[in-house]
Amino acid sequence: MTKIKAENIKKTFKIRTNGNSRNNGNSSNELLALGGVNLAINKGEFISIVGPSGCGKSTFLDLVGGLSKPNEGNIYIDGKPVEGPGLDRGIVFQQYALFPWRTALENVEFGLESQNIPKNERRGTAQKYLTLVGLNSFEDRYPYELSGGMKQRVAIARALAFDPDILLMDEPFGALDAQTREILQRELLHIWEETHKTILFITHSIDEAVFLSDKVAIMTARPGVIKKMEDIPIARNDRFEDDIRSSQDFVKSRYKLWELLKEEVVRAQQISGNAVSNFSKWETAK
Ligand SMILES: Nc1ncnc2c1ncn2[C@@H]1O[C@H](COP(=O)(O)OP(=O)(O)OP(=O)(O)O)[C@@H](O)[C@H]1O
Ligand SMILES: [Mg+2]
C-alpha cells in the first residue's frame, strides 16, 4: 500500500541578487531546486535518498513534512494531499533542533503538548522513548550537557514520542563520529522493526543507505529528480551480522549506487559556481 506519493514535484526559490549577483548575465533570479520529483513509498518501507550536496534533498523532505509548498505537483499521504505539517509525520532535522531551555525529557514531551495529553501521561511516554534510545538516565540534562550523539537521540525520541506513522530524517547522523553513527544506525533499525514506521531517510553515505534501507533513491544534481531507485537485496536479520558490510550483496549494492551517484557529484561540482545555472544549461555547455 502506497503511504507517500510525490508526483512531478517542482520547487523554485527566489534568489537575492544584491546588485552583485553571480548569475553571469542571466536575468532570472529564481533557482529551480527540484525539477519534477516522482517517488512512491509503501507503508512500512525504509527508503533513503542519496544525492550530491545542494541537489534538493532537504527541500524535498521539507515538502513531505508540509513545511513548504511545491510550485508544481502534489504530495499525497495515504492518498490525501499534504497541506501542512501534521502529527502523522515526525521530522528529525539535519541540525539538532532541540530547545536549549528544555531538558532532554521536556524536549521529548514537546510533541505531546499539542495533543491535550495529561501531564503525567506525557511524562511517562517521553520517558519510554528516552529509554528506547538509551537515554533514560539523562532525562534532566539540558542540551548543552549532552554530546552530539545524545542530542541526536533526543531528537529521534522527540520525533517518535507522538507516534507518527512516518519518520522523515534529514542526515540525522551526519555530524557524528563513526562509532556513534554505527551504534545509532543499529538502534534505528531496531526501532524501525519494533514500530513498523515508514521512514524516509536522507544521507550522504552510501554505506549508511545500504545498511539501513529497503530501497535507495539516487537524486540527480540540481534541479533534483530521482534518477534511479535501487532495491537492496539484504535480509533484515542479516543486517545485524558483524561482517555484513563486507558481504557480497552489500559490496555490490554499494558499488552500483556509487556508479550512479558519481556522475551527479561531478555535475553538481560543475554547476555549483553558478547560482542560477541549471542542469539543462550545463548539458548544452558540455
Ligand atoms: N530558502 C531558500 N532560498 C533560496 N535557495 C534555497 C533555499 N533553500 C534551499 N535553497 C537552494 O536550493 C538548493 C537545494 O538545497 P537543499 O538544502 O535542498 O540541498 P540538499 O540536497 O539538502 O544539500 P545538502 O546535502 O548539502 O544538505 C540549493 O542550491 C540551495 O542553495
Ligand atoms: Mg540538506
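Mentor: Start at N29, which sits in the loop between β1 (2-14) and β2. Keep in mind that this is a predicted model. Which residues does N29 touch? Leaving aside neighbours within four places in sequence, N29 is in contact with K14, I15 and T17. F13 is 16 residues away from N29 in sequence, and the C-alpha to C-alpha distance is 8.6 Å.

F13 leads on to the ligand. Around ligand 1 there are 13 residues, and F13, S53, K57, S58 and T59 come nearest. Two elements give two or more residues to this shell: β2 (30-42) and α1 (57-64). The largest share, 3 residues, comes from α1.

Now the strands on either side of the loop. β1 and β2 belong to an open sheet of 4 strands, in the order β2-β1-β4-β5, with antiparallel pairing. β2 and β5 (80-81) are the edge strands, each pairing on one side only. α1 packs on this sheet and touches β1, β2 and β4. The direction of α1 makes about 120 degrees with that of β1. Between β1 and strand β4 (residues 72-77) there are 5 bridges, in the antiparallel sense. Within that pairing, I4 stands opposite I77 in β4.

L200 is in contact with I4, I41, I47, L61, V64 and L168, neighbours within four places in sequence left aside. L200 is one of the residues with the most contacts inside the largest nonpolar core, together with V64, V108, L130 and A157. That core has 70 residues. Helix α4 gives the most to this core, with 7 residues. As a general point, nonpolar side chains tend to be buried together in soluble globular proteins.

An open sheet of 6 strands runs in the order β6-β7-β8-β3-β9-β10, and its pairing is mixed. The edge strands here are β6 (89-92) and β10 (226-231), each pairing on one side only. From one strand to the next, the twist averages 15 degrees. Helix α4 (residues 148-161) packs on this sheet, touching β6 and β7. Its direction makes about 170 degrees with that of β6. Strands β7 (residues 166-170) and β8 (residues 198-202) run parallel and are joined by 5 bridges. There, D170 has I202 in β8 as its bridge partner.

Finish on α4 itself, at G149. Why does G149 count as partly exposed? G149 has 18 other C-beta atoms within 10 Å, so it is partly exposed; burial would take 20 or more. G149 touches L176, T180 and L184, not counting residues up to four places away in sequence. Y96 is 53 residues from G149 in sequence, and 9.6 Å separates the two, C-alpha to C-alpha.

Terms used: Residues are numbered from 1 along each chain as its sequence is written. Chains are lettered from A and ligands numbered from 1 in the order in which they are written. This is a predicted model: local features need pLDDT of at least 70, side-chain atom pairs count only at pLDDT 80 or more; totals for chains, interfaces and linings use all residues. Two strands pair if DSSP finds at least two bridges between them. Axes are lines fitted to C-alpha atoms, for helices over the stretch in contact, and angles run from 0 to 180 degrees between N-to-C directions. Two residues are in contact if their C-beta atoms, placed from the backbone, lie within 7 Å. A residue is near a molecule or strand if its C-beta atom, placed from the backbone, lies within 6 Å of it. A nonpolar core is a set of buried Ala, Val, Leu, Ile, Met, Phe, Trp, Tyr and Cys residues joined through C-beta atoms within 7 Å. A residue is buried if 20 or more other C-beta atoms lie within 10 Å of its own, exposed if 12 or fewer, and partly exposed in between; C-beta atoms are placed from the backbone.
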